[in-house]
Amino acid sequence: MISVSTKTLLSAIEEAKAFSLPEMNEGTQYLYDELYGKVSRGMELHLSEIEFDRFELDDVDMMRDLYSDTLEANERKVETLTDNLMNIPPAAVASKFV
């Protein structure tokens with residue numbers, strides 16, 4: 001029987017190098033945190049909210065590369081991991097306390 005601590009598993013996934021983001025400069029970090037973050041969570045983003053002085057055109061290119069090279073690839077890895085975890089049959093167990 002396999003037992004899995006979901007807390008430990010999630011912690012290990014978050015620390016895995018395969019899912020880590022590369023270093024970003026301030027402009028790209030702003031785009032990722034403030035703009036991409038909102039849009040990816042389905043939140044509205046109004047043009048008036050964008051602080052255009054916080055990033056440059058090169059940062060937009062870096063964000064595009066980050067998405068295509070890292071985020072899109074990680075999405076496929078997460079889908080595979082999720083499918084594998086969903087197919088593990090649950091087990092009814094009782095915890096033993098000493």
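**Close-up views of a predicted helical model**

**Figure 1. Confidence across the predicted model.** The protein chain averages a pLDDT of 81, and 85% of the residues score at least 70. Where pLDDT is low, the predicted coordinates should not be read in detail. Because this is a predicted model, local features need pLDDT of at least 70 and side-chain atom pairs count only at pLDDT 80 or more, whereas totals for chains, interfaces and linings use all residues. Residues are numbered from 1 along each chain as its sequence is written, and side-chain values use heavy atoms, with hydrogens and water left out.

Figure 2. Helix α2 has 15 residues and reaches 20 Å from its first C-alpha to its last, close to the 21 Å expected at 1.5 Å a residue; the expected span is 1.5 Å times one less than the number of residues. A bend of about 30° occurs in α2 at Tyr-32, the bend being the angle between axes fitted to the seven residues ending there and the seven starting there. Gly-27, Thr-28, Tyr-30, Leu-31, Tyr-32, Leu-35 and Gly-37 of α2 are buried. Buried denotes under 20% relative accessible area, exposed over 50%, and partly exposed in between (1.4 Å probe, protein chains only). The buried residues of α2 pack against α3.

Figure 3. Helix α3 (residues 57-86) has 30 residues and spans 41 Å from its first C-alpha to its last, close to the 44 Å expected at 1.5 Å a residue. At Tyr-67, α3 bends by about 40°. Its buried residues include Asp-59, Met-63, Leu-66 and Thr-70, and the buried residues of α3 pack against α2 (26-40). Thr-28, located in helix α2, is buried with a relative accessible area of 2%. Neighbours within four places in sequence aside, Thr-28 is in contact (heavy atoms within 4.5 Å) with Asp-59, Met-62 and Met-63.

**Figure 4. Aromatic pairs involving Tyr-36.** Rings of Phe, Tyr and Trp (its six-membered ring) pair if their centres lie within 6.5 Å; planes under 30 degrees apart count as stacked, over 60 as edge-to-face and the rest as tilted. By this rule there are four aromatic pairs. Tyr-32 and Tyr-36 form a stacked pair, 5.6 Å centre to centre with 20° between the planes. These two residues are four residues apart in helix α2, so about one helical turn separates Tyr-32 from Tyr-36. The rings of Tyr-36 and Tyr-67 have centres 6.2 Å apart and planes at 65°, so this pair is edge-to-face. Because Tyr-36 lies in helix α2 and Tyr-67 in helix α3, the pair ties together parts that are 31 residues apart in sequence. Tyr-67 is partly exposed at 33% relative accessibility.

**Figure 5. The largest nonpolar core.** A nonpolar core is a set of buried Ala, Val, Leu, Ile, Met, Phe, Trp, Tyr and Cys residues joined through side-chain atoms within 4.5 Å. The largest has 10 residues, among them Met-24, Leu-31, Ile-50, Met-63 and Leu-71. Helices α2 and α3 each supply at least two residues of this core, and the largest share, four residues, comes from α2. Leaving aside neighbours within four places in sequence, Ile-50 is in contact with Tyr-30, Leu-35 and Phe-55. Tyr-30, Phe-52 and Phe-55 form one aromatic cluster.

Notes:
pLDDT is the predictor's confidence in each residue, from 0 to 100.
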